[in-house]
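Work through the exercises below with the sequence and the coordinates open, and try each task before reading its solution.

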Amino acid sequence: MAWWLIVLIILGALLFCIALYDTLQASDPILRNFPVVGHFRSLLSTSGPKLRQYIVAANDEERPFSRDQRTWVYSTASGHNAYVGFGTDSVIDRGSHIIIKQSAFPDTTPTGENAPLPCAKVMGAWRDRTHKFRPESVVYVSAMSYGSLSARAVEAINRGCAITGSMQNTGEGGVAYPHRNGGKLIFQFGTGYFGCRNTDGTFSLDALLETVGSAEVGCIEIKLSQGAKPGLGGVLPGKKVTPAIAKARGVEMGQTVYSPNRHSAFDDVDGLIDFIEMIANATGLPVGIKSAVGQQNFWDELAGRMAARSEGPDFITIDGGEGGTGAAPLAFSDHVSLPFREGFARAHKPFVHAGLHQHIIFAGSGRLGFPAEALLAFSMGADMIGLAREPMLALGCIQAQRCHDGHCPTGITTHNKWLVRGLDPADKATKLANYLVGLRGEILKLSHACGMVHPALVTADMIELIDEPHRSATIAELFDIDASFPSINAEQEQAIQQIMSELGSAATTAR
Ligand SMILES: Cc1cc2nc3c(=O)[nH]c(=O)nc-3n(C[C@H](O)[C@H](O)[C@H](O)COP(=O)(O)O)c2cc1C
């Protein structure tokens, strides 16, 4: 018999079996009614999001990141030319388009080698913490746990951060071996107290001291909530608790672990301040909080109690509702907590009124890993920006949106050995470093265009949003920000001006 006839018979038999199965099964009416061809529907709906980005979508469509944004990250990370030719293809007079108003007299300070961009404030200075420090980079990699990320992704991030002097936030999964590759850490813990817990899941100071002593931890972040899923607990299924994850988190291997939706170590604002002070005193490290913005009374009370007690967090990270996550229910991601700009403005205001905003470092996160968006955050009062998914793009993420199901095709958010194999930590560390340096360089160029040596000096009246033709407003007007309350005081301004000019002249001399 001819070979092609054999193939045809096998194919026919296969199709017959599929058709029989489809007709007899009862769970999917489409397959029951349209045996065999019905499978194309699910094939197209699963591959649709992946194909759309290559074939159908325009450059500035798609969420969370448009093709233009992804291309900019990919080019910057690969060290390719990220410039565009011919002019913008964006519609720039509507849709909350960001317009940065340049000065007639731009700043001329040269940019240092690798675009160093230290923070304009010293973290922990207000409370005079033993290990206070000036963050070397205003840009850092935001919280993503070992667990939600693969070990190779965590290693690549840590190494990329070490190259650029940026910090890496551990996320709430404890400190693991790939975190120890030279990059400075923000150790984060949440309601599960991973890396600082007793066996019953309550907070343990001894375990915290052991964890922060075991790695290069610069500061500690207590996570109250994150933008993508505020007010929600979490479950880590036992099958995901590998020996390395169990060790990092301080839990039993193979056992399902639950994080409650609120902390058990404190109940109210004063309790939170006491808890922060206790940890800062025991470790000597600056201690901050991370939260998405919901009900306003929390922020008003926190600023009020901090002013009254002269105690409290050294830094506050505000995460926007548009923030990313490893996994969350859609209703939480879409509807709980305010987006970054609205949330940051509301949370920041009581600290300005209490005269505290120049003492505390404010960090922001929520799709800020692009030059104009980052500058806008600085103009609102942010001192640092945390980036999660943009660094994932630099690591090769294709926005397949499979972070939650273990099938991330790029090996970043999966523990599947085959998929992780494709991620080379050394190569991706360089790509991440290129991206972080490229972003800092562009933030600096934009600040210089505004006539400022550092983004902390860019104020909310220097940036506008255009919503529709002939209708625009400054960030100051839109978010009721008093641009005459600068985010740094005269002493901080003088110090950062000197640092920037020294970094610039060091680079010029080296050239
Ligand atoms: C895979 C993944 C895991 C995350 N894990 C944490 C976490 O453990 N703790 C936390 O506070 N935020 C977590 N986040 C949120 C990010 O830290 C960040 O706040 C948010 O994604 C906004 O930044 P982006 O828009 O630059 O991604 C995670 C985000 C992603 C994408």
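The exercises that follow concern a predicted model, and each task is followed by its solution.

**Exercise 1. The partners of β8**

Identify the strands joined to β8 by bridges, and follow the chain from β8 to β9.

Solution. Take strand β5 (residues 217–223), which runs parallel to β8 and is joined to it by 4 bridges; here Ile220 has Val287 of β8 as its bridge partner. Then turn to strand β9 (residues 315–319), which is also parallel to β8 and is joined to it by 5 bridges, with Ile316 of β9 as the bridge partner of Ile289. Between β8 and β9 the chain passes through helix α9 (residues 297–309), giving a β-α-β crossover that is right-handed.

**Exercise 2. An open sheet and a helix across it**

Determine the strand order of the sheet that contains β12, and locate helix α12 relative to β1.

Solution. The sheet is open and consists of 3 strands in the order β1-β12-β13, with antiparallel pairing. Its edge strands are β1 (97–100) and β13 (471–474), each of which pairs on one side only, and neighbouring strands are turned by 30° against each other on average, direction ignored. In the pairing of β12 (residues 463–468) with β13 there are 4 bridges, and Glu468 stands opposite Arg471 in β13. Finally, helix α12 (residues 371–380) lies across β1 and β12, running at about 70° to β1.

**Exercise 3. The surroundings of the ligand**

Describe the shell around the ligand by its closest residues, its classes and its contributing elements.

Solution. The ligand is surrounded by 27 residues, the closest being Ala143, Gly171, Gly323, Gly324 and Ala388. Sorted by class, the shell has 15 polar, 7 charged and 5 nonpolar residues. As for secondary structure, β11 (384–387) and α13 (389–394) each supply at least two residues of this shell.

**Exercise 4. A residue of α17**

Is Gln494 buried or exposed?

Solution. Gln494 belongs to helix α17 (residues 490–510). Because the cut-off for an exposed residue is 12 or fewer other C-beta atoms within 10 Å, Gln494, with 11, is exposed.

Technical notes: Residues numbered from 1 in each chain as written. Predicted model: local features only at pLDDT ≥ 70, side-chain atom pairs only at ≥ 80, totals over all residues. Near = placed C-beta within 6 Å. Nonpolar A, V, L, I, M, F, W, Y, C, P; charged D, E, K, R; others polar. Buried ≥ 20, exposed ≤ 12 C-beta atoms within 10 Å, placed from the backbone. Pairing = 2+ DSSP bridges. Axes fitted to C-alpha atoms, helices over the stretch in contact; angles between N-to-C directions. Contact = placed C-beta atoms within 7 Å. Right-handed = clockwise from strand over helix to strand, strands pointing away.
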